[in-house]
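Here is a briefing on one protein model. Look at the sequence and the structure first, then read on.

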Amino acid sequence: MDVVVCVKQIPDPADPGSLNPETKTLDRSSKLILDESDSYGVEMALQLVETAGGGSVSLVSMAPNNEVSGLRTALAMGAESAVLVSDECLAGSDALGTSKVLAAAIARSNPDLILAATESSDGYTGTVPEQIAAVMGLPSVTFAKAIEVGDGSVSVKRQTESGFEQVSCPTPCVVSVTAGVVEPRYPSFKGIMAAKSKPVDEVTCADLGIDAGSVGWAGGGQEIVDVQQAEEREAGEKIVDEGDAHDRIVSFLDELKVI
Ligand SMILES: Cc1cc2nc3c(=O)[nH]c(=O)nc-3n(C[C@H](O)[C@H](O)[C@H](O)COP(=O)(O)OP(=O)(O)OC[C@H]3O[C@@H](n4cnc5c(N)ncnc54)[C@H](O)[C@@H]3O)c2cc1C
């Protein structure tokens, strides 16, 4: 059971930096960290390989400045190796450009399963996993809560608005994992030390046979035309108990479709 996990390295959300006023893209020149969203995919992959009793978990990331800090965190969790695609021609890549690059990097190995998060924490178009699948001509399943590996197929419990549905899909395939569905392990001291010497293969577009003109600003099909502050969250509703608080809480939860 060989699993590749797509791992995005992002600016620390506690100190996210600034937007470039001209390109309106996030400044990623400082140290990047493992996107918490992807720690669930890494944990899921480690558990699947443990359950299968053999196989490997490897990582694929595209990031500027040969950044490996986030990859080292995922390697410290237990992944065996990583491929990092870093190349100046990738600056300005939109989601499809990113997906083409990741697909080319993944295609170098022959995994049974490709995992990603449903959306990243910084860009969050929530489209990269499905675009990787489309570029590679593979089936994809989204919003996985749980995955069971069978013989040549996976059975996935998919989260939906009203509950979940069970679907099966032939492998190899791409599955996006919902945040919070597993408890990502903390890297142990031994894991952190071991991660320092695990292999990270740093490759460029030329290594992957990708034409520099088809990615980055040159190849982008999307343009960021405007950026606005997100609306502030509204204050929650306070329920003062006048003997009917339980009914009002139940109907509130019912409206949210959580019960
Ligand atoms: C016009 C335009 C220009 C842009 N220019 C830049 C730029 O110059 N520099 C820049 O950094 N960003 C740039 N971006 C943003 C960048 O394209 C997106 O962040 C990237 O395409 C990933 O999309 P996402 O975060 O929305 O992925 P989502 O679809 O939300 O991510 C879902 C999952 O896919 C996987 N994934 C996504 N991205 C990666 C990755 N890079 N490596 C490994 N796994 C990944 C992860 O598992 C992730 O959790 C630009 C976007 C646009 C539209």
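Helices (H or I, at least four residues) and strands (E, at least two) are DSSP runs, numbered from the N terminus. Just after helix 4, Gly137 takes a positive phi of about 70 degrees. This is a predicted model: local features need pLDDT of at least 70, side-chain atom pairs count only at pLDDT 80 or more, and totals for chains, interfaces and linings use all residues. Residues are numbered from 1 along each chain as its sequence is written.

- An open sheet is formed by 9 strands in the order 9-8-7-10-6-1-4-5-11, with mixed pairing. Two strands pair if DSSP finds at least two bridges between them.
- Strand 9 and strand 11 (200-203) are the edge strands, and each pairs on one side only.
- On average, neighbouring strands of this sheet are turned by 35 degrees against each other, direction ignored. Axes are lines fitted to C-alpha atoms, for helices over the stretch in contact, and angles run from 0 to 180 degrees between N-to-C directions.
- Strand 7 and strand 10 run parallel and are joined by 3 bridges. Val141 has Val175 in strand 10 as its bridge partner.
- Helix 3 packs on the sheet, where it touches strand 1 (2-6), strand 4, strand 5 (81-85), strand 6 and strand 11. The direction of helix 3 makes about 145 degrees with that of strand 4. Contact between two residues means that their C-beta atoms, placed from the backbone, lie within 7 Å.

**Around the ligand**

- The ligand is surrounded by 32 residues. The closest are Ala116, Ala117, Gly123, Thr125 and Val128. A residue counts as near a molecule or strand if its C-beta atom, placed from the backbone, lies within 6 Å of it.
- Two or more residues of the shell come from each of helix 1 (36-52), strand 4 (56-62), helix 3 (95-107), strand 6 (113-117) and helix 4 (128-136).
- Helix 3 gives the most to this shell, with 3 residues.
- By class, the shell has 12 nonpolar, 13 polar and 7 charged residues. Ala, Val, Leu, Ile, Met, Phe, Trp, Tyr, Cys and Pro count as nonpolar, Asp, Glu, Lys and Arg as charged, and the others, Gly among them, as polar.

**Buried places**

- A residue is buried if 20 or more other C-beta atoms lie within 10 Å of its own, exposed if 12 or fewer, and partly exposed in between; these atoms are placed from the backbone.
- In helix 4, the buried residues are Val128, Pro129, Gln131, Ile132, Ala133 and Met136. Their cover includes helix 3, strand 6, strand 7 (140-149) and strand 10 (173-177).
- Pro11 is part of strand 2 (residues 9-11). Pro11 counts as buried because it has 20 C-beta neighbours inside 10 Å.
- Leaving out residues up to four places away in sequence, Pro11 touches Pro16, Gly17, Leu26, Arg28, Ser30, Leu32 and Asp122.

**Backbone points to check**

- Asn66 lies in the loop between strand 4 and helix 2 (69-77). Its phi is near 50 degrees, a positive value in a residue other than glycine. Asn66 counts as exposed because it has 10 C-beta neighbours inside 10 Å.
- Lys257 sits in the segment after helix 8 (245-255). Its phi is near 60 degrees, again positive in a residue other than glycine. Lys257 counts as exposed, with 9 C-beta neighbours inside 10 Å.
- The peptide bond from Thr171 to Pro172 is cis, with omega near 0 degrees. Pro172 lies in the loop between strand 9 (163-170) and strand 10.
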